[in-house]
Amino acid sequence: MTKVSSLTKPKKIDRGTLISIVLICAVYVLAFVLEQVMPSTSMLFTVLKKGATYALVAVSMNLLNGFTGLFSLGQAGFMLIGAYTYAIFTIPVAQRLSVYQYYNGGLVQFSLPVIVAVALAGLFAAFFAFLIGLPVLRLKSDYLAIATLGFAEIIRAIFQWDKIGILTNGSNLRLFPTFTDDFNIRDADGNVVLYLSTLVPFLITGVCVAFIVLLINSSYGRAFKAMRDDETAAEAMGINLARHKMLAFCTSSFFAGVGGAMLAMYANSVQAKSFTTAMTYEILLMVVIGGIGSVTGSVFSSFLFVACSEWWLRFLDQEQVWGGWKVPLLRNGFRLVVFSLIIMMVVLFFRKGIMGTRELPDLFRKRVKKTGKESAKR
Amino acid sequence: MFSTVLPYLLSGISVGGQYALIAIGYTMVYGILRLINFAHGDVFMVAGILMVYITANGAPLYVAIPLVLVVTAVIGFTIERVAYKPLRSAPRMSIMISAIGVSYTLQNLVLYITGGLNQFYPSIPFISETITIGGASTRMVTIVTPILTLVLVVLLVLLINHTKIGMAMRAVSKDFETSRLMGIKINSVISVTFVIGSFLAAVGSVLYFTNYTTVIQTSGNMPGLKAFVAAVFGGIGSVPGAVVGAFIIGICENLLKGLDTILIKAGISTSMFGFTTFSDAFTFALLIIILIVKPTGLFGEKQTEKV
């Protein structure tokens with residue numbers, strides 16, 4: 001196929017993509033309908049909201065670790081920046097005095113619309129990523145991992161510093177718009193007419209993930225993959241390593257920042273001490289379970305991970321009696337032990353994770369021979 | 001002036017020695033496997049928990065301490081066999097993820113066993129005693145740590161330089177494949193490395209927790225990361241480098257913790273600036289500076305990249 005014909009030929013949407021788009025739309029409609037009919041206190045919505053948040057962060061981490069081959073462990077730091085930016089700019093003016101009670105209402109005396117604040121959260125995270133990336137991206141593999149991890153810790157220390165309490169309120173912020181209730185539409189009497197608090201995180205994640213997928217399928221994405229597979233070869237082919245690494249790093253951090261803002265909305269408060277290395281590790285494990293190099297896998301495994309840890313495996317934390325027989329071992333914390341053992345199994349024996357490097361449309365395509373795989377992807 | 005600085009300096013030297021004992025485990029494993037053993041800090045923490053449980057079951061200290069050292073070494077050996085050995089031919093990232101998985105597992109396991117509560121470390125006679133040096137009151141462990149650390153390091157360096165297994169270790173860290181061709185049993189060399197590393201971490205844990213008195217499942221995180229930074233600072237793969245790096249980090253960190261007090265007493269500043277918040281961050285700042293200025297660390301060997 002010559003270049004000209006591929007440019008002039010209108011892009012045909014194949015069966016796999018079509019089915020995937022329909023499926024994704026169906027999931028959104030289902031989420032919307034369920035939210036209207038089920039009580040909003042249901043555990044399902046907690047899982048969906050938190051799952052959507054983590055899905056975005058996991059995909060953003062996968063963009064770096066899976067598609068660009070940059071092993072970065074700074075995700076929690078960028079989420080922290082995003083969460084604080086969002087919270088600082090959206091606390092209603094009327095509430096500022098009560099939130100910043102020891103700081104005379106704080107430094108920022110206005111509040112921005114949620115969507116602007118979320119975008120700002122991403123931008124601030126990306127800006128910090130740019131600054132950090134300048135020195136750090138010169139490092140390779142595990143050195144990069146440890147340096148980004150270090151930066152995340154430094155960021156956390158800065159936000160806990162009491163001298164900037166005028167912004168961070170001694171590292172504790174609350175009373176900003178959250179997923180709990182603030183996105184539901186109410187009528188004049190205060191009754192909810194339309195529940196939207198699950199759909200909103202779904203929409204934010206959907207838009208962001210769609211953007212990441214488009215980026216991965218663009219020429220930039222191909223450059224990222226080339227760098228991942230062989231840096232020297234990629235450089236020889238004319239790819240500007242520094243520029244592309246920086247682009248991937250900033251993009252990933254942007255979405256981590258947005259994810260952080262979503263986490264703030266989910267958790268109802270922001271505290272620097274919760275954005276630890278352990279959080280980054282958890283996200284990394286989600287990426288690994290889903291399959292390093294698969295966006296679909298990251299999304300699936302985030303929901304699965306959150307559902308298991310918040311909901312389905314909860315029973316392991318309580319003592320249970322089945323037919324007069326007291327089940328041994330079950331007590332607080334057992335869930336996490338089982339959970340970590342499952343993760344170790346995945347890491348050791350199913351290294352490809354749930355999806356490997358396949359994406360959703362690949363599941364609906366007819367099996368193609370290995371040699372034809374690349375052409376089928378286009 | 002000196003009397004204000006002295007207590008911080010002393011605890012810096014003490015903590016530095018404890019970091020050094022952990023850092024050796026990192027640097028040896030990295031030297032041989034090119035793996036940041038993220039679980040090493042947790043092995044250190046597990047050693048602390050073991051001590052708590054063994055003494056709680058009535059074992060006298062002269063039984064408990066050797067038992068802790070041996071069991072920790074066995075744990076290190078087991079982790080390597082179960083979690084790293086199957087991945088020997090896998091990409092480096094997989095092994096690192098496995099290490100993170102082990103760290104996660106150990107922490108959750110300890111959380112389950114302890115119920116997530118602070119465990120009080122048994123006080124060990126002699127090294128828990130309070131003494132006074134130059135007007136600064138401190139524990140005996142402050143004096144014991146650097147001496148014990150240096151003795152162990154000298155022994156280790158002798159082992160590496162003058163025994164057969166030490167020679168094998170050096171060979172494996174120089175060139176993995178060639179040493180295998182030369183008939184060195186890679187797996188046993190790696191196991192010995194993990195056993196030595198875990199053993200030293202256990203010694204470090206006895207000293208460290210005598211100082212800090214409580215153990216919880218996350219206790220290993222920060223000392224682990226700092227010890228790793230120390231290893232990088234001194235030049236990863238080099239045992240003396242790791243020790244020097246650990247002492248520098250321990251001392252700087254503690255001086256920073258006391259900087260507010262020191263500055264106020266010296267009349268340079270009048271208010272608390274909040275340097276303590278940055279005592280952890282400082283370590284990472286140091287790491288980033290050293291990685292950018294001299295990535296091979298103080299004593300590291302320069303490596304050329306092959307295409």
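**Reading helix packing, ring pairs and cysteines**

Author: Let's start in chain A, where helix α4 (residues 75-90) and helix α13 (residues 277-290) pack at an angle of about 110 degrees, their axes 7 Å apart. Keep in mind that this is a predicted model.

Reader: How should I read those values, and what do they make of α4(A) and α13(A)?

Author: The general idea first: two packed helices are described by the angle between their axes and the distance between the axes. Here, α4(A) and α13(A) are therefore roughly perpendicular to each other.

Reader: Which residues of α4(A) and α13(A) meet?

Author: From α4(A) come Gln75(A), Ala76(A) and Met79(A), and they meet Met279(A), Thr280(A) and Ile283(A) of α13(A). By type, the contact of α4(A) with α13(A) has four nonpolar residues, two polar and no charged.

Reader: Let me try chain B. At what angle do α6 and α8 of chain B pack?

Author: Helix α6 (residues 164-174) of chain B packs on helix α8 (residues 186-212) of chain B at about 105 degrees, and the axes are 10 Å apart. Since 65 to 115 degrees counts as roughly perpendicular, α6(B) and α8(B) therefore get that label too.

Reader: And what does the contact of α6(B) with α8(B) consist of?

Author: On the α6(B) side you have Ile165(B), Ala168(B), Met169(B) and Val172(B); on the α8(B) side, Ile186(B), Val189(B), Val192(B), Thr193(B) and Ile196(B). Eight of the residues in this contact are nonpolar, one is polar and none is charged.

Reader: On to the rings. How many aromatic pairs are there over all chains?

Author: The count comes to 23 aromatic pairs over all chains. In general, a pair of aromatic rings is described by the distance of the centres and the angle of the planes. Take Tyr28(A) and Phe202(A): their ring centres are 5.7 Å apart and their planes are at 85 degrees, so the pair is edge-to-face.

Reader: Where do Tyr28(A) and Phe202(A) lie?

Author: Tyr28(A) is in helix α2 (residues 15-37) of chain A and Phe202(A) in helix α9 (residues 199-217) of chain A, so the pair ties together parts 174 residues apart in sequence. Phe202(A) is buried, at a relative accessible area of 7%.

Reader: What about Tyr84(B) and Phe194(B)?

Author: Their ring centres are 5.7 Å apart and their planes at 45 degrees, so this pair is tilted. Tyr84(B) belongs to helix α3 (residues 61-84) of chain B and Phe194(B) to helix α8 of chain B, so parts 110 residues apart in sequence are tied together by the pair. Tyr84(B) is buried at 1% relative accessibility, and Phe194(B) is buried at 5%.

Reader: Which residues do ring pairs link into a cluster?

Author: Phe44(B), Tyr121(B), Tyr208(B), Phe209(B) and Tyr212(B) are linked that way.

Reader: Now the cysteines. How many disulfides turn up over all chains?

Author: Zero, going by a search of the whole structure. For Cys250(A), which is in no disulfide, the nearest cysteine sulfur belongs to Cys208(A) and is 16 Å away. For comparison, a disulfide needs the sulfur atoms within 2.5 Å.

Reader: Buried or exposed: how does Cys250(A) count?

Author: Buried, at 15% relative accessibility. Cys252(B), at 29%, counts as partly exposed.

Note on methods: Residues numbered from 1 in each chain as written. Chains lettered and ligands numbered in written order. Predicted model: local features only at pLDDT ≥ 70, side-chain atom pairs only at ≥ 80, totals over all residues. Heavy atoms only, no water. Axes fitted to C-alpha atoms, helices over the stretch in contact; angles between N-to-C directions. Helix = DSSP H or I, 4+ residues; strand = E, 2+ residues; numbered from the N terminus. Parallel < 35°, antiparallel > 145°, perpendicular 65-115°, else oblique. Contact = heavy atoms within 4.5 Å. Nonpolar A, V, L, I, M, F, W, Y, C, P; charged D, E, K, R; others polar. Phe/Tyr/Trp six-rings, centres within 6.5 Å; stacked < 30°, edge-to-face > 60°. Buried < 20%, exposed > 50% of the residue type's maximum accessible area, 1.4 Å probe, protein only.
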